[in-house]
Amino acid sequence: MEEDPVRGAGAEHDSARFLDRDDRIALLRLMATARAIEERGLSLYKQGKVTGSFYDGRGQEATAVGATFALGPQDPVCPLIRDLGAHIVKGTPPAAILAHYLGRAGGVGRGRDGNVHFGDARRGVVGMVSMLPDMMAVAVGMAWAFKLRGEQRCALSFFGDGATSVGDWHEAMNLAGLQRVPVIFVLEHNGYAYSTPSSRQFVVDPLERAAVYGIAAATVDGNDVEAVFEVTRQARERALAGEGPTLIAAQTMRMHGHGAHDDASYVPPELFEHWAARDPLECQRKRLRSLGVDVEAIDAAVRSEIELATAEALAMAEPEPAGALQDVFCEGEPLMVGRGAAPWSHFAGT
Ligand SMILES: Cc1ncc(C[n+]2csc(CCOP(=O)(O)OP(=O)(O)O)c2C)c(N)n1
């Protein structure tokens with residue numbers, strides 16, 4: 001087994017068995033794309049071009065990207081506001097995302113909705129309901145349908161540790177465990193629910209609660225994209241083999257406040273320093289440098305791609321007021337999730 005520069009000598013590192021060099025480069029590029037879009041979105045917000053607030057997942061990119069990368073093209077994902085990387089992995093174009101932030105007609109939500117509450121059913125990305133942790137129940141429902149139809153698919157839902165204190169979390173866990181549905185729950189365990197530290201939120205860690213519901217549990221370094229990929233890949237294998245759900249606790253840190261309006265002054269500076277030294281993009285850059293990859297060229301390519309996407313989005317028209325009610329309510333047959341192409345999920349095989 002090769003020595004890994006991120007995990008150090010002697011550390012287990014078998015994700016390389018399933019990821020070729022191009023995949024490992026793609027993981028950095030996908031994370032860098034998510035970060036560059038969010039950086040651009042934040043500056044557009046500060047220029048007054050984005051209404052409401054602005055929410056990002058800085059510091060958590062490896063969790064969103066690594067987990068979604070392990071899904072098959074037919075597997076739907078339910079991202080939350082920290083999981084822009086999931087949209088990128090499933091192939092939503094950066095210009096459409098930036099246009100969505102700007103409320104433009106060419107954005108994912110065609111100017112009907114703002115910030116990160118968007119989905120793209122054709123790509124298997126379910127638009128999020130803001131109420132926590134409602135998307136878990138949606139994922140359980142989809143997974144149950146896959147099981148009943150005998151389809152080789154699974155569903156994945158992300159959520160934060162704050163969501164684990166809401167009743168719906170327990171309902172989703174219970175039903176998923178009872179019905180042994182092919183679902184993967186990814187807990188972004190960043191130690192804070194908005195401003196409330198975990199120590200003031202629960203006595204029993206959510207990971208320990210999994211056994212109570214008959215659900216397999218795994219913990220992972222949420223800032224190591226290849227580790228997140230590997231643990232999710234294994235959870236998917238179990239799900240497709242009929243072995244039921246897995247709760248994955250990705251240990252990570254939200255490096256910004258809850259939204260652009262929140263300065264995160266409740267987080268001790270030492271904690272930010274600790275996690276800044278474990279930046280997920282830097283970890284993957286370090287790994288790729290050891291493989292002889294020109295990571296600076298990847299970063300430069302991503303930056304220029306996002307600058308072009310920003311210009312494209314800014315040039316898009318505002319939506320027509322007369323059509324404000326179009327595409328708001330479902331008319332006709334709803335789109336089936338996950339039937340489209342998922343460009344990065346090629347290795348998962350279904
Ligand atoms: C049921 C419900 N209550 C309150 C909110 C408002 N709210 C949005 S995010 C959030 C904190 C979520 O904490 P966590 O799940 O740990 O995510 P993090 O902020 O760490 O990303 C709250 C209270 C909500 N969306 N849903």
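Start by selecting Asp327, which sits in the segment after H11. Look at its backbone: Asp327 has a positive phi of about 65 degrees, although it is not a glycine. Keep in mind as you click around that this is a predicted model.

Now jump to Ala264, in the loop between E7 and helix H9 (269-276). Here too you'll find a positive phi, about 60 degrees, on a residue that is not a glycine. Is Ala264 buried or exposed? Ala264 counts as buried because its relative accessible area is 5%, and the cut-off for buried is under 20%.

Zoom in on E1 and strand E2 (residues 155-160), which run parallel and share 2 bridges. Select Val77 and look across to E2: its bridge partner there is Leu156.

**The ligand**

Time to select the ligand. How many residues are around it? There are 14, and the ones that come nearest are Arg82, Ser130, Gly162, Asn190 and Tyr192.

- Arg82 has a polar side-chain atom 2.6 Å from an oxygen atom of the ligand.
- Asn190 places a polar side-chain atom 2.7 Å from a ligand oxygen atom.
- Asp161 has a side-chain N or O atom 3.2 Å from an oxygen atom of the ligand.

On its own the ligand has 590 Å² of accessible area, and the protein covers 73% of that.

**Helix H4 and what follows**

Move on to helix H4 (residues 94-101). How many of its residues are buried? The count is 8 of 8, so the helix is mostly covered, with "buried" meaning under 20% relative accessible area. Click through them if you like: Pro94, Ala95, Ala96, Ile97, Leu98, Ala99, His100 and Tyr101. To see what they pack against, show helix H1 (21-46), helix H3 (84-89) and helix H11 (295-314).

Just after H4, pick Gly103, which takes a positive phi of about 70 degrees.

Asp120 is buried because its relative accessible area is 10%, below the 20% cut-off. Which residues does Asp120 touch, not counting those up to four places away in sequence? Highlight Thr92 and Val125 to see these contacts.

One last stop: Pro133, found in the loop between H4 and H5. Show the backbone atoms and look at the peptide bond from Leu132 to Pro133, which is cis, with omega near -15 degrees.

Note on methods
Residues numbered from 1 in each chain as written. Predicted model: local features only at pLDDT ≥ 70, side-chain atom pairs only at ≥ 80, totals over all residues. Heavy atoms only, no water. Pairing = 2+ DSSP bridges. Helix = DSSP H or I, 4+ residues; strand = E, 2+ residues; numbered from the N terminus. Near = heavy atom within 4 Å. Polar contact = N/O pair within 3.5 Å; in protein donor to acceptor, adjacent residues only side chain to side chain. Areas by Shrake-Rupley, 256 points an atom, 1.4 Å probe, with all protein chains shown as cover. Buried < 20%, exposed > 50% of the residue type's maximum accessible area, 1.4 Å probe, protein only. Contact = heavy atoms within 4.5 Å.
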